[in-house]
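Me: I would like to learn how to read the fold of a chain and its interface with a partner, taking one feature at a time. Could we go through an example together?

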Amino acid sequence: MSISANNAPSSFSAFIALIKRDLMLSYRHRNELLNPLLFFVIVVTLFPLGVSPEKTLLQTMAPGVIWVAALLAAMLSLDTLFKSDYEDGTLEQMMLSPHSNALLVLAKIISHWLVTGVPIILLAPLLGLFMFMSAEGVGTLMLTLLLGTPILSLVGAIGMALTLGLNRGGMLLSLLVLPLYIPVLIFSANAVDASMAGLEIKGQLYFLGALLVLSITLAPLAAATALKISVE
Amino acid sequence: MTDATAGLHIKSISCTRGYRDLFTDLDFHLCPGQVLRVEGKNGSGKTSLLRIMAGLAQPLEGEVLWQGRKIQHVESDYLENLLFLGHRAAIKYELTPLENLCMAKSLHGSKAENGIEEALYQVGLFGFEDIPCGQLSAGQKRRVALAQLFLTRARCWILDEPYTSLDVVAVAMLENLFTQHINNGGMLVITSHQPVTLQAGEQYRLVLPKTELEALV
């Protein structure tokens, strides 16, 4: 049949169309996007005021503090991932689309990462300077964020999809998702630490890369299945 | 209702809500060119039945067959032939009617002969295509959702209360479209609290919680 013959390209065009639509929606709601980013900046800038402005102390704390703030900001931003689609019935229509649900979910996660993860990566060098990080440190920080924030979005999507139908899913979401975020935090903060000490960081980066590949392949499938249950 | 493998077969399904049975052992065929009107009081399970038929919800017992095979097994074939419009219209208020329909069209991969602008013209939204849907009236939002009916190639339409907040002209336009769809061998399942007058096809009525179909002339 002609419909199945061109199924592949049309799945891809649905994928692109969904990313475009979500980016357009985020653009029209750009105020909402500022909240997690402001949170990220505020938390990091408060540390020198609250703890001590001493250079060496801030340098030792910097990787951990910036990464913890980035992780919490990513968790804050998860709320917008599926909520409005769930409420207005778009999610139902996604589930009823002949295209692979996992592919459509991946499109949503990618556009979510583009508007929440990428700004965090871009702001990180500035915050690194606040915390007296060295140039190599800032470089590694950006690299770990580049590998790590997509994992946060992908894994968070599973948690969000599972807790979508619940009234107060926020608490449960953190319980579900935080344990899975911890390896990312440990390896990333450790990589930044090591690079500031002039040590080799390949191992940590490989591990983050492996986690990223794993979550790109499995998270959309898991999130799509969870969404199906939530829509029911 | 002769050919056992054409169309949609609802095979002895039961559905409960909480501890309440909505309907038990519901069994019927819907063949091309047939219309099914689902009626019943509020809370009698009309929407639940429609969601089960669309594969969005699982029945407690029984199964739904498309062309003689379980819908879970022929998922993409069934979904290509299905258009389900529920209470929630899947319309984004921040997007214009044009953008909303573009998305709907690419989600369903339908290769429409007439374009989106034509569909908007048909539902009387010509001139509104660049206004965010949030600024449209309830009836106009409904019309945006219903414009999908002009874009789709799906043969089985499952519509939950399509007449909600529509004016007389729009209802007449829809009935026209339904008649055309049925005459082209389409299937239609519809719930409505308003009378539906179609001049086409075999029409059946299901009044929940009864499980017998009544033929309408």
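**Reading the fold and the interface**

Reply: This is a predicted model, and in chain A, residues 24 or more positions apart account for 81% of the contacts with a separation of 6 or more.

Me: Which secondary structure elements does chain A have?

Reply: The secondary structure of chain A consists of ten helices and zero strands, so that, read along the sequence, the pattern is α-α-α-α-α-α-α-α-α-α.

Me: How is an interface described, and how many residues of chain B are in contact with chain A?

Reply: The size of an interface is often given as the accessible area lost when the parts come together. Here the description is by residue contacts, with 24 residues of chain B in contact with 23 residues of chain A. On the chain B side, the elements that give two or more residues are helix 2 (75-80), strand 6 (82-85) and helix 3 (97-108), and helix 3 of chain B provides the largest share, six residues.

Me: What is the make-up by class of the side of chain B that touches chain A?

Reply: That side of chain B has 14 nonpolar, six polar and four charged residues.

How values were computed: Residues numbered from 1 in each chain as written. Chains lettered and ligands numbered in written order. Predicted model: local features only at pLDDT ≥ 70, side-chain atom pairs only at ≥ 80, totals over all residues. Contact = placed C-beta atoms within 7 Å. Helix = DSSP H or I, 4+ residues; strand = E, 2+ residues; numbered from the N terminus. Nonpolar A, V, L, I, M, F, W, Y, C, P; charged D, E, K, R; others polar.
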